[in-house]
Amino acid sequence: MKRLSPQSLRARLILGGAVWALTAGAALAAEETPLTQGWRFTKADAVGAQAPRFDDRAWGSVVVPHTYNVEDSGIGGAKARGEPEGVYYRGPAWYRLTLDQAPEPGKRYFLHFGGATLKAEVYLNGQAVGTHEGGYAAFRYDVTDALRSGGNVLAVRVDNARNTRYAPLNGDFNIFGGLYREVKLIETPDLHIDLMQHGGPGLHVRTEALAPGQATVSARVLVRNDSRAAKQFEVLTRVMDADGAVVAETRTPTTLTAGQGKTVEQGLALNSPKLWEGRRSPYLYTVTTEILVDGQAIDSAEVPLGVRTVGLSDKGEFLLNGQPYTLYGANIQMPTRFGKGPTLSDAEIDEDMQIMADMGVTALRLAHMQHPPRVYEMADRLGLLLTTEVPLIDDMDPSDQFRENLVQQMRELIAQTDNHPSVALWGIGNELRTSGDAANRLLAALQSTAKEMDPSRLTTYAHCCLADDDSIAQHSDTVSYNRYFGWYWTEAKDIGPWADELHARMPSRPIGVSEYGAGASILHQEDPVMRRPVADGYWHPEQWQTTFHEVHWREMRQRPYLWSNFIWLGFDFPSFKRNEGDRPAINDKGLVTEDRQTRKDAYYWYQANWAEEPMLHITSRRDVNKRIQRVKVKVFSNQAEVRLRLNGGDWTAVPVEDHAAVWEIDLAPGENLVEATADASGRVLSDSVRWNYRTTP
């Protein structure tokens, strides 16, 4: 959601050739004040730190967003080999900030937290204003009554320790503690768009129906009157195209008594709409809602609109706008960087999303929790479909409190991301290791919550480790499976027969693959691979990952009944449970290294299969020192033919068969230069590698 500033709202008042009259000085919209600088911090519990007069002079100074697990995020250990799991700080910490504010009559003030892991207790001027349990959604508190003129002391106790009251209880990733997303103070009029519905924007739009030449769009506007008198006003909602022209609008006269809130339901018709069609055409409209009092806008909100529908065919195919649309891509864990954890800039998130788009993905699975808002925004713009899920991972607690917390996290996820056309499916969980009454009750509650809040989208569940048809895999509209044939068990080619057998057993159940992958270190080179690597071992040759993915994709693309195919995973990421590959505390199944500097060979295999942009890539480029003289040059490309030469000799034309060209050569002693080129409709593609072959030590 975007809250419009007075300046930006005025800029939007001249649209579609119409000029709207506003009196000078009118209160136009909510104002946001980022609370970034000036925080005091201690990575410990501090009794009484909520008190305004508490002495925090010995604490450190930090800038928010902030995490207190940067220094210890590289510690890992594997129980599988008898080691203790990696130990990083999971416990309480305190943040304190003094902010100057002069609260004005007729205004409301809200503290907004973009995310705090996993539990946050918030105090203002010593007064408890709220406790939030769950680390990945935004949350807000109305602090109007706690604010005072002059200096206000905001104190927040954050705790990332495991707690059976709330999820996640487990997971193959680090839980970075802290105020790791933005904190801000929002000021609105007493009559305002309601900000207290599960942290959402107070404005929700949806494509209700598509017909030839027309789309029906609904808008739900949550408004609240926190003044002491009844208010009469209009809710004005406009749809603007990508050029800023108004293409539809509606007005709803409304009256609210003092202290009353309500949802204003509105309908809009778009003539000759431009559809949001995934990667083909991710066309975005903008919906702006304003509260008008005596014709003047006093509050507003803005959200994106992609005109599209999603569904399933009777064959289990995913449908976008009523037509089959193939979903393939990768999982991405919550974006992090070494030395920063999850406190990323928009530019860094944009880089991640563009890397995936360049590979040619049509979809991403956001594992295993709500991701930063920028991820959803970029997916909208790039035309990438998303599955996004609550953090029910591996383990659960049978208590009512745990179930109620996960339901709350589902409500927050939907309320905060449902305006994004990229969001296609709600995920209700991942790899529960136990079945039974409590597990089924929990998943049923998450399914019913998702369908109650958003009947327009599908739901899914990522299943593993129990029988494929276990009851816990039957609650969601679709089910997908985490399967690692050829890495943890059997052979890569077994993915195909497994899928066929399951489809035959459950022909009416929409099934997909939510995870498949193999580890790879760019420091480990072995071409050809002499033996299968040990999954939790220290040797993870890049070439094994490449072959693994070649086999998997050739099997999976032949099975159109799989509604999704998601690689595990896009980027290497920190995981305290692991001590394997080239270093501890890293899951190295990514197609791209954690620093985003190197795209592994398997990345280019998928790019050759998926991307429309012409490409060419010589594999095994990091296997510099060859052990044998006769070697195979393998080139991934989406062109029909490549030409290759060795050490400046004659060019040899090699056909590209199933996105790979293979050329056998005999290396000369010493350094060798291998070059590849292809003509892509007048554009020359080229790549080269240097390999050494030495006959003496």
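Start in β30, where the bridge partner of N482 is E515. The model on screen is a predicted one.

**Stop 1: β29 and β30**

Select residues 479-482 for strand β29 and residues 511-515 for β30. These strands run parallel and are joined by four bridges. Now colour β30 by burial. Five of its five residues are buried, so β30 is largely enclosed by the rest of the structure.

**Stop 2: the ring cluster**

Stay in this stretch of sequence and show the side chains of Y481, Y484, F485, W487, Y488, W489 and W498. Ring pairs link these residues into a cluster. Across the whole structure, a search finds 24 aromatic pairs.

One of those pairs is W553 with W610, so select both. W553 belongs to helix α7 (residues 542-556) and W610 to helix α8 (residues 601-610), so the pair ties together parts that lie 57 residues apart in sequence. Are these two residues buried or exposed? W553 has 7% relative accessibility, which is under the 20% cut-off, so W553 counts as buried. W610 is buried too, with a relative accessible area of 7%.

**Stop 3: the second largest pocket**

Which strand gives the most to the lining? Select residues 573-580: this is strand β32, and it gives three residues.

**Stop 4: strand β24 and its two partners**

Select residues 327-332. This is strand β24; six of its six residues are buried, so the rest of the structure largely encloses it. Next, show its partners.

- Strand β31 (residues 562-567) pairs with β24 in the parallel sense, over four bridges.

**Stop 5: helix α3**

β25 turns up again at this stop. Select residues 373-382 for helix α3, which is mostly covered: seven of its 10 residues are buried. Those buried residues are R374, V375, Y376, M378, A379, D380 and L382. What covers them? The cover includes the helices α2 (346-359) and α4 (400-417), along with β20 (296-305), β25 (363-366), β26 (385-389) and β27 (423-430). Step just past the end of α3 to G383, which takes a positive phi of about 80°.

**Stop 6: the cavities**

The structure holds eight cavities of 30 Å³ or more. The largest cavity has a volume of about 110 Å³. To find the place, select F173, N174, F176, M334 and T336; of the 14 residues that line the largest cavity, these lie nearest its centre.

**Stop 7: the five-stranded open sheet**

Now move to an open sheet of five strands, ordered β35-β41-β40-β37-β38, with mixed pairing. Which strands stand at the edges? They are β35 (625-626) and β38 (652-655); each has a single partner strand, so one side of each is left without a neighbour in the sheet.

Inside the sheet, select strand β37 (residues 641-646) and strand β40 (residues 670-680). These two run antiparallel and are joined by four bridges. Zoom in on R643, whose bridge partner in β40 is T677. Then follow the R643 side chain. Its charged end sits over the ring of W651, 5.2 Å from the ring centre.

For another example of a charge over a ring, select R596 and F571. The charged end of R596 sits over the F571 ring, 4.3 Å from its centre.

**Stop 8: an exposed loop**

Finish at P212, in the loop between β14 (203-211) and β15 (214-225). P212 has a relative accessible area of 83%, so it is exposed. P212 and S272 are 60 residues apart in sequence, and their C-alpha atoms are 8.0 Å apart in space.

Methods
Residues are numbered from 1 along each chain as its sequence is written. This is a predicted model: local features need pLDDT of at least 70, side-chain atom pairs count only at pLDDT 80 or more; totals for chains, interfaces and linings use all residues. Side-chain values use heavy atoms; hydrogens and water are left out. Rings of Phe, Tyr and Trp (its six-membered ring) pair if their centres lie within 6.5 Å; planes under 30 degrees apart count as stacked, over 60 as edge-to-face and the rest as tilted. Buried means under 20% relative accessible area, exposed over 50%, partly exposed in between (1.4 Å probe, protein chains only). A charge sits over a ring if NZ of Lys or CZ of Arg is within 6 Å of the ring centre and within 35 degrees of the ring normal. Two strands pair if DSSP finds at least two bridges between them. Contact means heavy atoms within 4.5 Å. On a 1 Å grid over the protein atoms alone, a cavity is a set of points where a 1.4 Å probe fits but cannot get out, and a pocket is an open set with protein on both sides within 12 Å along at least five of seven lines; lining residues have an atom within 4 Å of a point. Grid points are joined across faces, edges and corners, and a volume is the space filled by probe spheres set on the points.
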